[in-house]
Amino acid sequence: AAKAGEPYEALARRLVFDPLGMTDTALSLTDEQTARLVPGRSAAGEVVPHWHFDALAAAGGLRSTADDLLQFVAANFD
């Protein structure tokens, strides 16, 4: 992202998400997308807040749907 001179999410959207039709994959979620997330749970079963990976976005900050992930997997078989 630094070399491309654009934010990581914009770069990933331009190079990966948009070409593959992954419309429900992002770092920054809309309120509607956030409402659709499955809540995280602690080892004791209590609901916990979702993690935010601003500094390490490429290491686990993306959120996606099963349909979008299937698009990604299919593209890897081509």
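Reader: Why is Asp24 called partly exposed?
Author: Asp24 has a relative accessible area of 25%. Buried means under 20% and exposed over 50%, with partly exposed in between (1.4 Å probe, protein chains only), so Asp24 counts as partly exposed. Before we go on: this is a predicted model, where local features need pLDDT of at least 70, side-chain atom pairs count only at pLDDT 80 or more, and totals for chains, interfaces and linings use all residues. Residues are numbered from 1 along each chain as its sequence is written, and side-chain values use heavy atoms, with hydrogens and water left out.

Reader: What makes Arg36 and Asp24 a salt bridge?
Author: Their closest N and O atoms are 3.0 Å apart. The rule asks for a side-chain nitrogen of Lys or Arg within 4 Å of a carboxyl oxygen of Asp or Glu, so the pair qualifies as a salt bridge. Arg36 sits in the loop between α2 and β1 (40-41) and Asp24 in the loop between α1 and α2, so the pair ties together parts that are twelve residues apart in sequence. Arg36 is partly exposed, at 45%.

Reader: How many salt bridges does a search of the whole structure find?
Author: Three. Besides Arg36 with Asp24, Arg14 pairs with Glu6 at 2.6 Å, N to O, and Arg13 pairs with Asp18 at 3.6 Å between the closest N and O atoms.

Reader: And are Arg13 and Asp18 buried, exposed or in between?
Author: Arg13 has a relative accessible area of 24%, so it is partly exposed. Asp18, at 48%, is partly exposed as well. Arg14 is at 46%, which again means partly exposed.

Reader: Why is Thr23 called exposed?
Author: Its relative accessibility is 62%, and that value puts Thr23 in the exposed class. Thr23 is placed in the loop between α1 (8-20) and α2 (31-35).

Reader: Which residues does Thr23 contact, leaving aside its neighbours within four places in sequence?
Author: Gln33 and Asp68; contact means heavy atoms within 4.5 Å. The C-alpha atoms of Thr23 and Ser64 are separated by 8.8 Å, although these residues are 41 residues apart along the chain.

Methods
Helices (H or I, at least four residues) and strands (E, at least two) are DSSP runs, numbered from the N terminus.
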